[in-house]
Amino acid sequence: MAARVLLQRRSLAPLATIALGGLALAPATVLAEGPVDKKKPIYDDFDAVSANDAPASTGPLKALQPAQPPATSTTEEEPKKERKARGPSPTDRIAVEIGKARMALYRFAVCTENKVNETMDSAFNLEQSFTNTIASLAPSRESGEKLMPGTIYVLVAAMAGSIITRNRNILLRSTVPLAFGVGAGWTVLPVTMRNISDLSWKYEQRFPAVAETHVNIREGLKKGVSFAKVHSRIGVQYVDDKVTDARETVEGWVKQGK
């Protein structure tokens, strides 16, 4: 029994090999609705598309894409946009004009402020120079000269000159009081008159003609005064000589009468 079973198994082995070879060589048919491979691919969303499926997948993609307008419409709209963007809008023009007006107003305000500052500076400088000039005319404390009584004396001398010449011509009425006042000033207030003379000389130097005339007049007065002094001395000496001669003559007569 055991041998019979072994013989049957040995006879079935070649038949099984022949059947498996026929199945391997027979053409296989692929069904459209075959079983889907349930194995999970290694790359989920990046599976390579086969050559057979590529034409079929392009159809739905084309259907999903929106219809593009023709190129001619875009080229026609672009020049219109460019034409509209070339010229400034009325709002921009008004803004530019307002900016110009503001800048002009600002420049005017700055110029006005500068002029006011310059005027105030000149006024302050004038006031300061005036006060400094008046202070420089006053005599120093070391001189011991006082302005109050001396000024009154000068005014009295000038009024006396005007009283003396009240019935004279206009030339004397204008020169004699001035001469009396200047003479009294040089007599009573010599330091103050010297300061006034120096200040007037500084102002006269700005006008060469006036300064030259002043120098000529002063030189003439000095020469006249020196000439008068010399003549006065000569006159005094002549009178003394005559008086001496007369006295000697009288004394000689008196001696002869004895």
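## Thr-192 and its surroundings

The side chain of Thr-192 reaches the side chain of Glu-145 in a polar contact of 2.7 Å, as seen in this model, which is predicted. Thr-192 belongs to helix α7, which covers residues 190–204, and it counts as buried because its relative accessibility is 8%, where the cut-off for buried is under 20%.

When neighbours within four places in sequence are set aside, the residues in contact with Thr-192 are Leu-137, Pro-139, Glu-145 and Leu-147.

## Ser-136 in relation to Thr-192

Ser-136 is found in helix α4, which spans residues 90–137, and with a relative accessible area of 43% it is partly exposed. Although Ser-136 and Thr-192 are 56 residues apart in sequence, their C-alpha atoms are 9.3 Å apart in space.

## The largest pocket

The largest pocket holds about 560 Å³ of space, and of the 16 residues that line it, those closest to its centre are Val-182, Trp-186, His-214, Arg-218 and Leu-221. By class, the lining of this pocket is made up of 9 nonpolar, 4 polar and 3 charged residues.

Three helices, α6 (170–188), α7 and α8 (208–257), each supply at least two residues of the lining of the largest pocket, and the largest share, 6 residues, comes from α8. Helix α7, which contributes to this lining, is also the helix in which Thr-192 lies.

Note on methods:
Residues numbered from 1 in each chain as written. Predicted model: local features only at pLDDT ≥ 70, side-chain atom pairs only at ≥ 80, totals over all residues. Heavy atoms only, no water. Helix = DSSP H or I, 4+ residues; strand = E, 2+ residues; numbered from the N terminus. Buried < 20%, exposed > 50% of the residue type's maximum accessible area, 1.4 Å probe, protein only. Polar contact = N/O pair within 3.5 Å; in protein donor to acceptor, adjacent residues only side chain to side chain. Contact = heavy atoms within 4.5 Å. 1 Å grid on protein atoms, 1.4 Å probe; cavity = no way out; pocket = protein on both sides within 12 Å on 5 of 7 lines; lining within 4 Å. Points joined across faces, edges and corners; volume = space filled by probe spheres on them. Nonpolar A, V, L, I, M, F, W, Y, C, P; charged D, E, K, R; others polar.
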